[in-house]
Amino acid sequence: MTSLSTLPKTSSGIPAPAAWTRAQWMLLLVLCTVLALDGLDVSMVGVALPSIGQELNLGTESLQWIVSAYVLGYGSLLLLGGRMADLLGRRRIFLIALSVFAAASLLGGLVDDPTLLIATRFVKGLAAAFTAPTGFSIITTNFAEGRERNRALSIFSTFGASGFSLGLVVGGLMTSMSWRWTFLVSVPFAVAVVLLGLKYIPRDNPANQEQDSGHDVWGAITLATGMLGLVYTLVSAPEKGWGSVATIAGFAVSAAILAAFAVIENRVKHPLIRFSILREGWVARANLSAVGLFGSYLSFQFIITLYLQSVLGWNPLSMALALLPAGLLVVATAPFADRLIDRFGAPRLIVTGLASLALGYALFLRVGTTPVYAADILPSVILLGIGFALAFPSINVQATAGIRNSEQGLAAGLIQTSTQVGAALVLAVTTALISGQGHTAAQAHDSAAMLAQYRPGLILSGIVAVAALLIAVAPSRRRQSAVPAG
């Protein structure tokens, strides 16, 4: 299917981005707002963790589950969510999933039981597993590849990054009233977007998206089950032990189910996932870069939230304001991200962004129990803001460049699955590293011991970022066909 661009063309046939209609801007606003809500949700809850733990009497391992339950639902179904949107209709899937997200947000803000709270986080993750790739593919099938799509994807991706970054500040404000507001604040926005989406998201005909596609039912079942088992094992390993029977069995069973999925995909006429897509252009490298970017950043946020509040004794709002420069940098680049990609090329921006992240993590290792904000914390915050602002939209552009429309949902699901599974893996390892003797240090209120407890996790974030950087700069073994430089 050809691109559904409705933009006027110049005499040379090049789209004219400035001529977008009001309906197109409203469509982009609807999709960007939902992605921003996803980002806000993750970071707001991260800020609220110490307050939640204090009120509900939860330790570090239990608090991890409030973050990881979301990642569990999100990461396990992203591939399926993106593909189902291709097959069943993007508009329908998007609006239903967003409605579920709103309902789960409301319930999460009202419950008192920790188990129910974690369950609502899981449901929100499941909903986001459908809205995120679906919104991505709605853009890529409605904006022509090249400058037009780069512009739309840059705005879309930057909204997600901005939501994630500014969620620290919003989370601080909400937590200063009550941690419950970090759940409730999303509800009215989600409801409003559902109403706007009914008007501005164009109807699509699934039958025309992929004629005679069929439905790979067993592929869908094995993929969802295998991913659910893998992510669950990853996020539960710190509590159960990486060498425990339960963890080893979880990895073995998940691997067996995913192996069965691979066999099915190679035998069915219309597979859910075409594995050769990973050999196209920058797809594989973009996905690995996403693992390093988001995995390291989410783990760093988890640690710095505990460090600033538990070690330094800062309140949530003070902590949020300390991290505000990173969010402002991401927001400030939003109007220019597409121009930067056009001028310098997405690969260069990915490399520069990952290098900035790695340097930021390295500088933060200097912090002590009595840091000077301007000298010890602010430089890292600025570098992380620059790194995320440059790398995040560029990775998303590269992950879908050169992919045909009928597989845009698949490509979008792949990149976002890499993002979330990377976050689950790195966060799980981080939690395992910092748990150790953490209870003793926390009970004794020993700031130095608590900082020493967190330091291995900080080192891990830096190592992950460096690994992603090396992958991004490694020379390609094959020609990158159909992938524009920008």
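Mentor: About 80 Å³ of space lies in the second largest cavity of this predicted model. A cavity here is a set of points, on a 1 Å grid over the protein atoms alone, where a 1.4 Å probe fits but cannot get out, and lining residues have an atom within 4 Å of a point. Grid points are joined across faces, edges and corners, and the volume is the space filled by probe spheres set on the points.

Because this is a predicted model, local features need pLDDT of at least 70 and side-chain atom pairs count only at pLDDT 80 or more, while totals for chains, interfaces and linings use all residues. Residues are numbered from 1 along each chain as its sequence is written, and side-chain values use heavy atoms, with hydrogens and water left out.

The lining consists of Leu168, Tyr297, Phe300, Gln301, Ile304, Leu323, Ala326, Val381 and Leu384. By class, eight of these are nonpolar, one is polar and none is charged; Ala, Val, Leu, Ile, Met, Phe, Trp, Tyr, Cys and Pro count as nonpolar, Asp, Glu, Lys and Arg as charged, and the others, Gly among them, as polar. Helix H11 gives the most to this lining, with four residues, and H11, helix H12 (316-333) and H15 each supply at least two. Helices (H or I, at least four residues) and strands (E, at least two) are DSSP runs numbered from the N terminus; the chain has 18 helices and zero strands.

The largest cavity, by comparison, has a volume of about 300 Å³, and the structure holds five cavities of 30 Å³ or more. Its lining comprises 23 residues, with Leu35, Phe294, Phe392, Gln416 and Thr419 nearest the centre. Among the elements that give two or more residues to that lining are H11 and helix H15 (373-400). The lining of the largest cavity divides into 15 nonpolar, seven polar and one charged residue.

Buried means under 20% relative accessible area, exposed over 50%, and partly exposed in between (1.4 Å probe, protein chains only). The largest such core has 96 residues, and Ile52 and Tyr307 have the most contacts inside it. Helix H11 (residues 283-311) gives the most to this core, with 15 residues.

Note on methods:
A nonpolar core is a set of buried Ala, Val, Leu, Ile, Met, Phe, Trp, Tyr and Cys residues joined through side-chain atoms within 4.5 Å. On a 1 Å grid over the protein atoms alone, a cavity is a set of points where a 1.4 Å probe fits but cannot get out, and a pocket is an open set with protein on both sides within 12 Å along at least five of seven lines; lining residues have an atom within 4 Å of a point.
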